[in-house]
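Reader: Please take a close look at one part of this model. I would like the helix packing first, then the charged pairs.

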Amino acid sequence: MKKDVISNSINKISDEYIEEAIDELYKNPLDNAPKEIVNMKRKNFYRIAVAMAACLILGVGTIACAKILFNVNHREAKPNEIFSIEYFDQVTGEMETNVWEDAKYVMTFDGPDECNAVEFKEHWLPAAPNESRNAFQTNSEGWRTGLTSEFSEGDVDESMLEYFIEVYYAPQFKNDGAMLILYCTPEEITEDHRSNYDIIKIRGTRDGYKGIEDSNFYIMLNESAGYVIVLSGSSDIETLEHIANELEIRETSNVISSKYYSNHVVFLDPGRG
Amino acid sequence: MDNSKIIDMFFERSEQAIVELSQQYGNQAKAIANNVLNNIDDAEECVNDALLSLWNSIPPMRPNHLQAYLIKVTKNIALNRLDYNTSKKRNSHYDIALDELQDCIPSRENIESKIIEQELSKAIDDFLGTLPKDDRVIFVGRYWMGESVLEIANKLHCSQNIIAVKLFRIRKRLKHYLKKERLL
């Protein structure tokens with residue numbers, strides 16, 4: 001069909017649909033102001049206390065409160081357990097499916113359908129980040145959505161995969177979603193709780209992929225705010241913990257919703273994929 | 001300011017109506033004209049032309065969706081300008097003369113095209129009514145506003161892949177719908 005016929009036909013769609021789209025796509029384009037600064041060490045303790053008190057006052061009770069929290073269940077993958085994602089292949093122009101049957105470790109989550117996006121600033125790193133990695137956004141004030149020391153091209157050695165910092169959200173794991181470790185074998189898993197974070201520390205080994213023997217994960221779950229920050233890489237757990245302790249984290253007004261995710265499975269192994 | 005108040009100002013022939021309308025929706029209209037023309041100066045001129053057009057048409061017209069009306073008029077002006085800018089025929093005086101005649105003696109092909117356009121337009125509108133709001137916003141953003149996949153992804157705070165996947169599925173559904181309506 002001729003382009004101008006299509007163009008003219010599309011042009012005549014109802015005003016209400018145009019207005020609806022304008023409202024959604026052009027609402028407060030500059031509204032990225034922070035809603036609340038979260039201090040890792042102290043502030044969220046008060047938030048949880050206030051939230052719990054509010055629930056008690058309202059007579060809802062702590063059980064109802066717990067339902068909306070972001071909870072993690074972590075376990076070894078079952079034999080032949082299958083995980084898959086669908087993605088749009090830019091080359092073929094078709095939907096493709098990737099299937100994995102060899103996950104080593106699985107984390108599944110319960111949590112709210114929506115939560116606020118978070119950003120962070122790092123105040124200590126063991127090595128300079130790779131600022132050119134464009135998968136992550138950094139605003140003019142230095143607030144980031146992710147960070148890595150990984151270099152995307154050329155020779156890769158262990159020093160270049162020292163750390164990844166990524167943020168995931170509860171809504172992302174709706175509909176049987178999961179966070180997987182595929183290539184690293186977890187050797188030691190410990191749980192911890194610090195201020196408002198449930199911490200999972202995973203010490204793992206890899207089969208010498210690109211000369212890397214160790215692959216570690218320091219996973220921080222904020223159950224009340226609905227997000228999880230994953231620090232991973234070849235750095236040891238103590239180094240990852242040091243980075244985590246020096247992160248300044250804030251919630252933004254941007255709402256993350258489960259409806260924006262077509263895939264609900266993510267992979268944590270740095271340097272792969 | 002409320003849209004109905006702006007329209008009232010148009011009816012009172014107060015030039016403040018233009019100022020209010022421009023302040024409220026001018027940037028959105030400019031962005032969409034710029035999507036068509038890829039030239040911000042031309043886009044700005046289109047918005048000014050559209051504001052003048054609204055000044056001339058209100059009254060007697062009283063649009064139900066003032067924002068959409070302004071943006072629609074702006075986009076049409078932008079499309080005409082794009083057509084004008086890119087049309088090689090415009091180099092010939094004779095072709096310009098023929099264009100004038102074409103308005104009153106449409107070819108058979110043009111008549112068929114118009115009929116197809118009308119049917120297709122209604123079918124697309126009906127199809128949009130069957131979509132969930134989120135999908136409809138993405139479709140209108142991409143194919144009516146001319147936003148890029150990246151721009152839509154940024155505005156909806158999700159990845160490009162998600163938008164690309166959704167658009168792929170919507171196009172598939174549209175094709176199926178048009179086949180069912182015997183338009184394909």
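Author: In this predicted model, H1(B) passes H2(B) in a left-handed crossing. H1 covers residues 3-11 of chain B and H2 covers residues 16-37. Their axes come within 8 Å and cross at roughly 150°. That angle is over 145°, so H1(B) runs roughly antiparallel to H2(B). On the H1(B) side, Asn3(B), Ile6(B), Met9(B) and Phe10(B) make the contact. H2(B) contributes Gln16(B), Ala17(B), Ile18(B), Glu20(B), Leu21(B), Gln24(B) and Tyr25(B). Seven of these contact residues are nonpolar, three are polar and one is charged.

Now the charged pairs. Side chains of opposite charge can pair when their charged atoms come close. Over all chains, the structure holds 20 salt bridges. One of them links Glu20(A) with Arg136(B), with the closest N and O atoms 2.7 Å apart. This pair crosses between chains, from helix H2 of chain A (residues 15-25) to helix H7 of chain B (residues 133-144). Glu20(A) and Arg136(B) are both buried.

Glu24(A) and Lys133(B) also meet in a salt bridge, at 3.1 Å from N to O. Glu24(A) sits in helix H2 of chain A and Lys133(B) in helix H7 of chain B, so this pair joins two chains. Glu24(A) has a relative accessible area of 19%, which means it is buried. Lys133(B) is partly exposed, at 38%.

Within chain A, Glu188(A) forms a salt bridge with Arg203(A), the closest N and O atoms being 3.4 Å apart. Glu188(A) lies in strand S10 and Arg203(A) in strand S11, so the pair ties together parts 15 residues apart in sequence. In chain B, a network of salt bridges links Asp42(B), Glu45(B), Asp49(B) and Arg81(B).

Methods: Residues numbered from 1 in each chain as written. Chains lettered and ligands numbered in written order. Predicted model: local features only at pLDDT ≥ 70, side-chain atom pairs only at ≥ 80, totals over all residues. Heavy atoms only, no water. Axes fitted to C-alpha atoms, helices over the stretch in contact; angles between N-to-C directions. Helix = DSSP H or I, 4+ residues; strand = E, 2+ residues; numbered from the N terminus. Parallel < 35°, antiparallel > 145°, perpendicular 65-115°, else oblique. Left-handed = near helix turned anticlockwise from the far one by under 90°. Contact = heavy atoms within 4.5 Å. Nonpolar A, V, L, I, M, F, W, Y, C, P; charged D, E, K, R; others polar. Salt bridge = Lys/Arg side-chain N within 4 Å of Asp/Glu carboxyl O. Buried < 20%, exposed > 50% of the residue type's maximum accessible area, 1.4 Å probe, protein only.
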